[in-house]
Amino acid sequence: MGLLPGGYWDATGRLHREFELAVLTGREEELLATTRGRSAALVTEVLSRCVSRLGDISPVPPAVAQRLLVADRQYLLLALRQASFGDRVQANLICPWPDCGERVSVDFSIVDVPVYPAENPAPVHTMTLAQGQEVSFRLPTGADQEELSEGLADNEAQTLTRLLTRCVQRIGPTGPPSERQMAELPAADRLAIEERMRQVAPRVEQTIEAKCAECGRTFVAPFDIHRLFFGELRTDANLLYQEVHYLAYHYHWSERDIMDMNRDRRRTYIELLADAIEVLNGDT
Ligand SMILES: [Zn+2]
């Protein structure tokens, strides 16, 4: 059981923060290994399958997984990675010191990734702009990421305007602003809103401190949770199919049953088989 750094507000205004996970099975590994792009939608799908309970909500439908805060989704991905494949992460980086530039392999624990929970979780936050206008907004969610990842990813300014338009619910006495109103808002006001959003949002640190084994100096490297999660699974599609093949071949289990197993269980059987085969070979 874990606790989200932010939490999910349902339609009746109740906060759901406690969660339980089911580990990834071969099915999710396959989904992750074979689906390209659309990573926000994929996160929604995986979380909906693997978060077995969120507060009183069980199972967790995609519409709920979608509306979780960005940091909550990152946090759940990390927890899922930890539960499914363990706490240690290995990454290969390049030392950024200009006179070094050596390849460095770093090792860190997911439990050490700093998480900053929301200090005052609320479905809607309010603030006052310099000219006294009151602004209310909600925090960005997976639904926003899904919506904005399509098409406009190359125009950062426009993407940000669209995000603010989606999240800001009121400026002064008027209701939700249009995209044009948001674009015409003074830059200082927009910055103030963005800054406030950052302050009230929970956050999962996405950098790690690494030490170069060559030059002995430390540096801070970015580490992208989506890339970690998807990257290491994408490379494993062939291995997954080989494992399924191996178990099906020796045990005559159906593909469906094998795919329902998690990685640990598959590998336990593969090890048992390897031992059994070794014994057989030893006897002859
Ligand atoms: Zn170095």
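In this predicted model, Glu119 lies in the loop that joins strand E6 (115-116) to strand E7 (125-128). Glu119 is exposed, because its relative accessibility is 75% and the cut-off for exposure is over 50%. The C-alpha atoms of Glu119 and Leu160 are separated by 24 Å in space, and the two residues stand 41 residues apart in sequence.

Thr44, by contrast, is a buried residue, with a relative accessible area of 5%. Thr44 belongs to helix H2 (residues 39-50). When neighbours within four places in sequence are set aside, the contacts of Thr44 are with Pro62, Ala65, Gln66, Arg73 and Glu146.

Distant parts of the chain are linked by the pair Cys100 and Cys212, which are 112 residues apart. Of this pair, Cys100 is in the loop between strand E4 (88-94) and strand E5 (103-109), whereas Cys212 is in the loop between strand E11 (207-211) and strand E12 (218-222). Both residues are buried: the relative accessibility of Cys100 is 18%, and the relative accessible area of Cys212 is 2%. The value for Cys100 counts as buried because the cut-off is under 20%.

The largest nonpolar core comprises 45 residues, and Leu54 and Phe229 have the most contacts inside it. The element that gives the most to this core is helix H4 (residues 70-85), which supplies six residues. A further core of 17 residues lies apart from the largest one; Leu69, Leu148, Leu163 and Met197 are among its members.

The surroundings of Leu54 include residues of several kinds. Beyond its neighbours within four places in sequence, Leu54 is in contact with Leu4, Tyr8, His16, Arg17, Glu18 and Phe19, and also with Val60, Val64 and Leu68.

Key. Residues numbered from 1 in each chain as written. Predicted model: local features only at pLDDT ≥ 70, side-chain atom pairs only at ≥ 80, totals over all residues. Heavy atoms only, no water. Core = buried A, V, L, I, M, F, W, Y, C linked by side-chain atoms within 4.5 Å. Buried < 20%, exposed > 50% of the residue type's maximum accessible area, 1.4 Å probe, protein only. Helix = DSSP H or I, 4+ residues; strand = E, 2+ residues; numbered from the N terminus. Contact = heavy atoms within 4.5 Å.
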